[in-house]
Amino acid sequence: PLVLGIESSCDETGIGIVRGRTLLSNTIASSMEQHARYGGVVPEVAARAHLEALQPAIAAALAEAQVALTDLDAIAVTSGPGLAGALMVGVGAAKALAVALDKPLYAVNHLVGHIAADVLDAEPLEHPTVALLVSGGHTSLLLVRELTADVELLGETMDDAAGEAFDKVARILGLPYPGGPEIDRAATGGDPTAIRFPRGLSRASDMAAHRYDFSFSGLKTAVARWVEQREAAGEPVPIADVAAGFREAVVDVLVTKALDACARHDVPRLLLGGGVIANRRLREVALERAAAAGVTVRIPPLRLCTDNGAMIAGLAGQLIAAGRRPSTLAFGADSTLPVTEIQVAESDAA
Ligand code: ATP
Ligand code: MG
Ligand code: FE
């Protein structure tokens, strides 16, 4: 089926068009620059930007895919989780399109969409698989027993998301937003072992009882303290070493927990997603340690790792293939939609 997907949960207005697992177009407009001076995404600014970007993004996606609105078999949209005001813009647009075109509508979960991104122009997912999603808004470890039917939350961040930690530490070091790429660059040439920063919640006892929650705010504070002490002593701050030490701590925690979860659940497959996957050190360490543990790793291309509409269309395509019915219009933006709700408001059997 030919599906158009709308994503507006954060600062990316994403429109994607897929035919089954084949990616036809993936248009992304980001309001990131408008948030730069605030050091993080401002919800009201993001929502306004979606309103302005949606129409041109839809037109661009249709043109790139060389299809017309009337060719579509279904519309898909992110219902949550995400910023309520931002989500509402996409939800409103999707409902309007579905009603006007008289096409089925699939309201889906953003996080599960990140997993579905990996099936586009690729082999179907092998089940079960462990998925680690790391972005500016999320740090979630999931057990995917069946993409369209059974996704379990193994753990998530108790405070800052991994990407958020990169952004905040960049700020401490006087580097611009978004901080991830800046820290990555600054860390090159730094010694990751020069300063050992804390690895939050990663003792064996923290991972007992099958919980894999994350905490990055203590790490951020540790970096801030370290820098303050240096400055108070009138000594220069070795930015490369601080960046490398911080990055190493984040990467270590993420990979350790993901592989522990693979071992604990006897799942030799790990899927990585979210914007933080752009981090070179994270990919390197994950691939290295996974290979040693006999775990295969799947990483979608980067433009499918960051927020996009193609993954939302892709997830709907998988739901349709699995025989799921469309959503009714009785849904809204759910900023805290749990990952277990893969699709919302599925209509009753006819
Ligand atoms: P959501 O949380 O809803 O997925 P988001 O817009 O916050 O949305 P993404 O766009 O997927 O998330 O990713 C942006 C985040 O990824 C930012 O926090 C950014 O600092 C981080 N990031 C980008 N590149 C890198 C990198 N090379 N290393 C570490 N973090 C990075
Ligand atoms: Mg983003
Ligand atoms: Fe996301």
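Which helices each supply at least two residues of the shell around ligand 1? They are α5 and α6. The legends below cover a predicted model, in which local features need pLDDT of at least 70, side-chain atom pairs count only at pLDDT 80 or more, and totals for chains, interfaces and linings use all residues. Residues are numbered from 1 along each chain as its sequence is written, while chains are lettered from A and ligands numbered from 1 in the order in which they are written.

**View 1. The shell around ligand 1.** Ligand 1 is surrounded by 25 residues, counted when the C-beta atom, placed from the backbone, lies within 6 Å of the ligand. Gly136, Gly137, Gly163, Gly180 and Gly275 are the closest. By class, 13 are polar, six nonpolar and six charged. Here Ala, Val, Leu, Ile, Met, Phe, Trp, Tyr, Cys and Pro count as nonpolar, Asp, Glu, Lys and Arg as charged, and the others, Gly among them, as polar.

**View 2. Helix α5, residues 162-172.** Helices are DSSP runs of H or I with at least four residues, strands are runs of E with at least two, and both are numbered from the N terminus. Nine of the 11 residues of α5 are buried, so the helix is largely enclosed by the rest of the structure. Buried means that 20 or more other C-beta atoms, placed from the backbone, lie within 10 Å of the residue's own. Among the buried residues are Gly163, Phe166 and Val169. After α5 comes Gly174, with a positive phi near 75°.

**View 3. The β2-β3 hairpin.** Two residues separate β2 and β3. The strands pair in the antiparallel sense over eight bridges; pairing requires at least two DSSP bridges. Gly16 has Asn26 of β3 as its bridge partner. In the turn, Gly20 has a positive phi of about 65°.

Terms used. A residue is buried if 20 or more other C-beta atoms lie within 10 Å of its own, exposed if 12 or fewer, and partly exposed in between; C-beta atoms are placed from the backbone.
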